[in-house]
Amino acid sequence: MGTDKDTQTSIFNKSKVNPPILIRKCTLEDLDKVKEVNENELPEDYPFFFYKSILDNYPDSFLVASVKNNPNEIRGYVMWRVERMPSKNSLRLVNKAHLVSIAVSEDFQRLGIASALLSDSMLAIKKKKINEYVLEVRVSNYRAINLYEGLNFKTEGIKKKYYRDGENAYYMVYKVNKH
Ligand SMILES: CC(C)(COP(=O)(O)OP(=O)(O)OC[C@H]1O[C@@H](n2cnc3c(N)ncnc32)[C@H](O)[C@@H]1OP(=O)(O)O)[C@@H](O)C(=O)NCCC(=O)NCCS
């Protein structure tokens, strides 16, 4: 992966990815395609204004995987928000990056795209003085759990009936090493 400037955060050039994929910042024009990927891959869908508000508030960590030679074709996305919360052990407030959603289109899965989206977006949001990255994942979603464990997220608890259909969620955390 090489670094680029402006909206392109990295070029994803693994030989097995064909056509080549570019990881770059999301734009307003991408949002309909992002919504489409979400609706195809996840049971949770969101109204357009929700994507727009995440883009308006956290543009640096809202990334898409687009086809390099046809940047309008979106094959994956990741989005985060930042929450200011009391720390677990004191009244000090800390910044948590909370994963809002990530998905990769079925034909492009298992090529390392989600890993690249996560690493690039976590790096991009780090400048907001993040102490930890947190997420919820369906207890049945072994693909995503493997993905997060591979990036050193640890399960810290279960949120009962977190999803609308009653499924439980694992609460997973990646703590930033301050030393
Ligand atoms: C979960 C998801 C985002 C992974 O995207 P991806 O681009 O295929 O992931 P990667 O290729 O980067 O895979 C990284 C790791 O995730 C795990 N993983 C991904 N797909 C897997 C599968 N089908 N079976 C088991 N583990 C899998 C593996 O540990 C993999 O590493 P490896 O290939 O070295 O074994 C994708 O399957 C998806 O979009 N699923 C539907 C949406 C979703 O569940 N989002 C998460 C909501 S919390």
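The model I am reading is predicted.

**Entry 1: the chain**

I looked up the secondary structure and found four helices and nine strands in the protein chain. Read from the N terminus, the elements follow the order β-β-β-α-α-β-β-β-α-β-α-β-β. The protein chain has 179 residues, of which 28% count as buried. I then turned to contacts between residues at least 6 apart in sequence, and noted that 58% of these join residues at least 24 apart.

**Entry 2: the ligand shell**

Which elements each supply at least two residues of the shell around the ligand? I found β6 (93-104), α3 (113-125) and α4 (142-150). The largest share, six residues, belongs to α4. There are 20 residues around the ligand, and those that come nearest are Q109, A114, S115, N146 and L147. Sorted by class, the shell holds 11 nonpolar, six polar and three charged residues.

**Entry 3: R164**

I located R164 in the loop between β8 (154-159) and β9 (169-175). Is R164 buried or exposed? I record R164 as exposed, because 8 other C-beta atoms lie within 10 Å and the cut-off for exposed is 12 or fewer. I also checked R164 against E44, which is 120 residues away along the chain. The C-alpha atoms of R164 and E44 are separated by 8.8 Å.

Key
Residues numbered from 1 in each chain as written. Predicted model: local features only at pLDDT ≥ 70, side-chain atom pairs only at ≥ 80, totals over all residues. Near = placed C-beta within 6 Å. Nonpolar A, V, L, I, M, F, W, Y, C, P; charged D, E, K, R; others polar. Buried ≥ 20, exposed ≤ 12 C-beta atoms within 10 Å, placed from the backbone. Contact = placed C-beta atoms within 7 Å.
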